[in-house]
Amino acid sequence: MRLLKVATCNLNQWAMDFDCNLNNIKESITQAKQAGAVIRLGPELEITGYGCEDHFLELDTINHGWECLKEILVGDWTDGILCSIGMPVIKGSERYNCQILCFNRKIIMIRPKMWLANDGNYRELRWFTAWKHKDQLVDFQLPSEIAEAVLQQSVPFGYGYLRFLDTAVAAEVCEELFTPIPPHAELALNGVEVFMNASGSHHQLRKLDVRLRAFIGATHTRGGVYMYSNQQGCDGGRLYYDGCSCVVVNGEVVAQGSQFSLRDIEVVTAQVDLDAVASLRGSISSFQEQASYKNTISSVLVPYKLCQPFNMQMSLSSPLKINYHSPEEEIAFGPGCWLWDYLRRSGASGFLLPLSGGADSSSVAAIVGCMCQLVVKEIENGDEQVKADAIRIGNYTDGQFPTDSKEFAKRIFYTVFMGSENSSKDTKKRAKDLADEIGSWHLDVSIDGVVSALLTLFQTLTGKRPRYKVDGGSNIENLGLQNIQARIRMVLAFMLASLLPWVHNKPGFYLVLGSSNVDEGLRGYLTKYDCSSADINPIGSISKQDLRAFLRWAAVHLGYSSLAEIEAAPPTAELEPIRSNYSQLDEVDMGMTYEELSVYGRLRKIFRCGPVSMFKNLCYRWGSRSSPLEVADKVKHFFKYYSINRHKMTVMTPSYHAESYSPEDNRFDLRQFLYNARWPYQFSKIDELVKELDGEVAFGETSDQDRSRANGVGMGVVAAGSGDPKSGL
């Protein structure tokens with residue numbers, strides 16, 4: 001037997017905070033060595049942090065990376081352990097995303113990334129060059145300070161692997177695993193038994209299974225030990241890196257780290273038998289045949305043994321049942337951990353949330369409550385860093401620290417119900433009940449006086465006073481009155497966030513939390529600069545349907561029972577007067593359901609559909625319940641309001657990324673914000689298709705009945721700007 005102990009880790013790195021990142025790296029190496037591991041793998045670009053973006057273009061960033069690596073090499077950190085450490089490197093005039101393979105205070109090889117992530121949230125080609133010379137290792141001249149410190153002038157640089165006396169080890173960096181022909185395929189044929197994948201992979205709902213299946217598939221038919229390391233936490237942007245570092249042997253997971261955690265460092269170890277890898281490969285005839293005429297890959301000899309012989313004191317790691325979180329748990333824990341990182345790193349003293357008693361703001365409140373529960377639980381588990389951060393943020397003195405999540409919430413969380421004459425008693429009560437369950441410091445304020453003052457000022461300026469539509473006003477008046485309420489709430493929220501800590505003799509300031517969901521952003525069903533505008537938004541990339549499922553889950557599993565009643569209530573903005581014959585409802589105002597919005601969003605973004613191809617797809621999907629004319633009207637209605645309101649995405653609050661059809665304008669969904677909202681060419685093509693499809697059916701079967709249905713509530717009866725309380729500028 002060739003027994004090998006390996007360690008991989010989740011690290012909560014922070015872009016450009018070199019002290020934080022270096023300390024985490026050192027501590028992870030220390031823990032790996034204490035566990036007896038001889039290989040330690042860290043996340044991609046762990047020295048700098050993955051999310052540096054255009055800071056990667058600064059020479060300072062590169063230089064600081066070398067300075068940190070030097071500090072690791074001159075100490076005893078790499079004694080007796082192979083460490084793969086991620087950082088950017090400049091070779092010649094090109095900048096590369098590299099893994100530095102270090103052993104016994106020397107750099108053994110520098111492995112540049114060959115296939116860069118350049119879609120979705122990733123823009124690596126903006127900062128890095130892909131290494132294209134697969135057939136050779138070249139000499140890399142080390143910076144003079146490094147060369148003097150480690151007594152090396154140059155090291156091998158490029159695509160290759162390390163040949164130890166008893167096994168072979170290679171790096172495969174993040175995106176390379178997911179390419180059509182991944183490096184591990186030919187590396188395995190060259191005898192590599194241990195693969196180290198350093199990654200910077202962000203959380204997205206229901207995505208983890210895709211990642212794990214890739215690790216399993218990499219070694220299922222080829223054999224091998226696949227190590228995966230990832231960042232975990234908010235490193236300074238919209239993304240949450242969701243850890244789940246793991247070790248896979250011959251297609252079976254034998255070690256798995258957490259996906260969501262408040263810990264800065266988590267080391268995952270596994271004891272494996274490399275003879276099991278050799279045995280599997282030897283039993284696969286096709287593997288033997290392909291290995292016999294493989295393309296030879298360059299290698300670096302390391303005259304050292306990593307493995308231990310048969311030893312009853314060392315037990316092998318057994319296959320595990322993979323731990324997957326439900327989508328509801330992902331919504332609770334992912335944004336909850338992201339909020340904690342943002343709170344502790346921003347210097348803020350807490351959060352303020354405009355709590356309306358509706359599904360969206362209640363979801364945000366529940367996530368903050370979950371965050372408080374996670375903090376208390378982690379302190380109970382002995383995490384001193386979380387404890388220190390909680391003491392500072394909560395302003396504890398005399399050795400006190402959080403022991404109860406509700407008490408902690410009272411210190412760091414304000415909720416404010418900003419009601420008007422249009423608010424119902426039910427939503428006011430729901431907001432109060434939820435605040436009591438979470439433990440937030442809850443305030444109840446009426447904004448009618450401020451609204452009236454603004455309208456009086458307007459009347460003084462113009463001689464006119466607008467009225468709601470139900471009181472005989474026009475669509476323009478109706479929309480303007482609703483937008484006034486929404487924007488007043490934003491101004492009030494920021495005022496309270498800055499001054500309430502002063503009122504209560506608390507230090508610092510509070511961050512304002514937003515609560516618009518991904519579907520509202522896609523449709524533009526929100527007022528620009530209303531109370532959805534905030535410092536950060538934990539649900540801005542989560543669909544309404546997923547949020548409602550989360551509310552049902554949280555009512556039971558987080559102990560906030562009032563969420564069940566909130567989830568059951570129909571969504572409403574409560575910006576118009578309530579009458580016995582009229583009650584404002586979101587889906588009526590939008591002219592589409594939230595379920596339909598999710599479908600539009602996925603077709604637009606994930607399947608890259610314009611109006612015409614979306615129409616064709618929906619004719620197949622909805623053909624059994626809607627005529628081509630109905631489908632056409634729905635598609636036109638969606639694209640009209642999507643394009644009219646796209647400009648709102650340019651000022652949307654930075655949101656936690658969770659959904660693959662997010663319309664987030666900053667980096668994920670790069671489209672213009674000024675459209676011809678009539679879409680004349682595309683809509684005319686749809687009209688032609690409708691005529692062709694109608695011609696295939698007898699006119700009498702579709703003409704009157706289907707055309708009347710096309711003008712119903714689900715078809716978008718609301719004219720442009722008429723009943724949409726949130727569509728205006």
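Q: Which residue forms a salt bridge with R238?
A: Start with the general idea. Side chains of opposite charge can pair when their charged atoms come close. In this predicted model, R238 pairs with E664, and their closest N and O atoms are 3.5 Å apart. The pair links distant parts of the chain, 426 residues apart. R238 sits in the loop between β11 (225-233) and β12, and E664 in the loop between α22 (628-645) and α23 (680-695).

Q: Is E664 buried or exposed?
A: Buried means under 20% relative accessible area. E664 has 12%, so it counts as buried.

Q: How many salt bridges does the count come to?
A: The count is 36 salt bridges.

Q: Which side chain meets R548 in a salt bridge?
A: That of E567, at 3.3 Å from N to O. R548 lies in helix α17 (residues 544-557) and E567 in helix α18 (residues 562-568), so the pair ties together parts 19 residues apart in sequence. Both R548 and E567 are buried.

Q: Where does R552 lie, and where is its partner E567?
A: R552 is in helix α17 and E567 in helix α18, 15 residues apart. Their side chains meet in a salt bridge of 2.9 Å, N to O. R552 has 46% relative accessibility, so it counts as partly exposed. E567 has 13% and counts as buried. Elsewhere, salt bridges with shared partners join R604, K605, R646, D665, D669 and R671 into one network.

Q: How many bridges join β3 to strand β4?
A: First, the general idea for strands. In a regular strand the side chains alternate between the two faces of the sheet. Now the case here. Nine bridges join β3 to β4 (residues 94-103), and the two run antiparallel. One of the partner pairs is I90 with R95 in β4. The hairpin has two residues between its strands, and G92 there takes a positive phi near 65°.

Q: Which way do strand β2 and β3 run, parallel or antiparallel?
A: Parallel, with three bridges joining β2 (residues 39-41) to β3. L41 has S84 in β3 as its bridge partner. Strand β3 (residues 82-91) is mostly covered, with eight of its 10 residues buried.

Q: Which residues of helix α11 are buried?
A: In α11 (residues 384-394) they are V386, D389, A390, I393 and G394. Look down the helix axis. The buried residues fall within an arc of 115°, so they line one face of α11. Their cover includes α9 (327-346), α10 (359-380) and α12 (405-412).

Q: What phi does R206 have, although it is not a glycine?
A: R206 has a positive phi of about 65°. R206 lies in the loop between β10 (194-199) and α6 (208-220). R206 is partly exposed, at 45% relative accessible area. C244 also is not a glycine and has a positive phi of about 60°. C244 is in the loop between β12 (241-242) and β13 (246-249). C244 is buried, at 1% relative accessible area.

Q: Which residues does G521 touch, beyond those up to four places away in sequence?
A: G521 touches L526, M649 and P663. G521 is in helix α16 (residues 518-523), and is buried at 7% relative accessible area.

Q: Which residues make a nonpolar surface patch of about 450 Å²?
A: M1, F310, M312 and L316 make it. M1 lies in the segment before β1 (3-11). M1 has 42% relative accessibility and so counts as partly exposed.

Definitions and conventions:
Residues are numbered from 1 along each chain as its sequence is written. This is a predicted model: local features need pLDDT of at least 70, side-chain atom pairs count only at pLDDT 80 or more; totals for chains, interfaces and linings use all residues. Side-chain values use heavy atoms; hydrogens and water are left out. Buried means under 20% relative accessible area, exposed over 50%, partly exposed in between (1.4 Å probe, protein chains only). Helices (H or I, at least four residues) and strands (E, at least two) are DSSP runs, numbered from the N terminus. Two strands pair if DSSP finds at least two bridges between them. Patches are made of residues with over 30% relative accessible area and no salt bridge: like charges are joined within 9 Å, nonpolar side chains (Val, Leu, Ile, Met, Phe, Trp, Tyr) within 5 Å. Accessible areas come from the Shrake-Rupley method with a 1.4 Å probe; for residues, only the protein chains shown count as cover. A salt bridge is a side-chain nitrogen of Lys or Arg within 4 Å of a carboxyl oxygen of Asp or Glu. The arc is that of the directions from the helix axis to the C-beta atoms. Contact means heavy atoms within 4.5 Å.
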